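Please open the model in your viewer and keep the sequence panel beside it. The stops below say what to select next and what is to be found there.

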Amino acid sequence: MIAFRNIHKSFGDKVVLAGIDLEIRDREITFIIGASGTGKSVLMKTAVGLLAPDAGRVIVDAEDVTDFSEARWQHIRIRHALVFQHPNLFDSMTLRENVALPLRKHRRISRKAALVAALGYLAMVGMEDKADLMPDEVGPSQRKRVSIARALTLDPTTAILDEPTTGLDVVASRTIDDLIVRLSRELAKTVIVVSHDLRSIFGVADRIIFLYKGHVHLDGPPAAFRASGDPVVRQFIGGEPDGPMET
Ligand SMILES: Nc1ncnc2c1ncn2[C@@H]1O[C@H](COP(=O)(O)OP(=O)(O)O)[C@@H](O)[C@H]1O
Ligand SMILES: [Mg+2]
């Protein structure tokens, strides 16, 4: 469980988050959406202690973690794994070796055992047959899946995926959507997805949180967004060039 209580965050005189109140429910697929630059990534970084809010509290698993030390945040990041928009895999290692790394670092298991386990995580994302390839031998969506597999190795309860389909073609994006659904339905993870990919949003979200001007503008299931007459929401989901939304 991750909850944000009245989160504020500015950079210089630019107000990004102006009082975010939000509770992410366990085992749901929650999409965080909104125009580019609205603070979606900033909010996710506050959830795992990579950015500190100026005001407000972050509650994780019923504990106020806002003022945690870096060492304690590392434990939070194991349970709530954030996959960045541009995750780095090590070029000089195979996919399987990349996935084995967190296991080698955080679990006291042998290299051989870590490589065996890595294969299991690659299977979860449909990449086991590519395990011994190098990152540059597979496509961008496959690298993304491998980075998600790597994030699963320490058995997080929550996977936070920042723009997992941005920059991918339509077919590749749908394989990521399928994976998001499987993380939730088969692996019982809580999944938080930052996205502005409408197909992805309406295809797989249980709940959508629309951020606008530093606030939660609309929060509900996809049907509530489809039915919304709010002009800002209509502009966003209609992709209309003109409207009240300033981007
Ligand atoms: N570390 C930072 N320092 C200064 N400004 C930042 C920093 N991180 C984000 N910002 C600014 O905060 C705003 C929101 O950024 P971000 O959360 O990345 O937007 P998005 O909704 O596209 O993910 C942007 O204007 C961005 O330039
Ligand atoms: Mg972002």
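**First stop: the cores**

Select Leu183, which, leaving out residues up to four places away in sequence, touches Ile148, Leu152, Ala159, Leu161, Ala188, Lys189 and Val191, where contact means heavy atoms within 4.5 Å. This is a predicted model, in which local features need pLDDT of at least 70 and side-chain atom pairs count only at pLDDT 80 or more, while totals for chains, interfaces and linings use all residues. Residues are numbered from 1 along each chain as its sequence is written, chains are lettered from A and ligands numbered from 1 in the order in which they are written, and side-chain values use heavy atoms, with hydrogens and water left out.

Now widen the selection to the largest nonpolar core, which has 49 residues, and in which Leu183 is one of those with the most contacts, together with Phe31, Ile33, Ile148, Leu161, Ile180 and Phe210. A nonpolar core is here a set of buried Ala, Val, Leu, Ile, Met, Phe, Trp, Tyr and Cys residues joined through side-chain atoms within 4.5 Å; buried means under 20% relative accessible area, exposed over 50%, and partly exposed in between (1.4 Å probe, protein chains only).

**Second stop: strand S3**

Select residues 29–33, strand S3, of which five of the five residues are buried, so that the strand is largely enclosed by the rest of the structure. Helices (H or I, at least four residues) and strands (E, at least two) are DSSP runs, numbered from the N terminus. Ile29, Phe31 and Ile33 point one way from S3, whereas Thr30 and Ile32 point the other way. S3 runs parallel to strand S8 (residues 190–194), with four bridges joining them, and four bridges also join S3 to strand S9 (residues 207–212), again in parallel; two strands pair if DSSP finds at least two bridges between them. Centre on Phe31, whose bridge partner is Val193 in S8 and Ile208 in S9.

Select Arg27, in the loop between strand S2 (14–24) and S3; although not a glycine, Arg27 has a positive phi of about 65°, and it is exposed, with a relative accessible area of 55%.

Then go to Glu163, in the loop between strand S7 (158–162) and helix H6 (170–185), where phi is also positive, near 50°. Is Glu163 buried or exposed? At 8% relative accessibility, Glu163 counts as buried.
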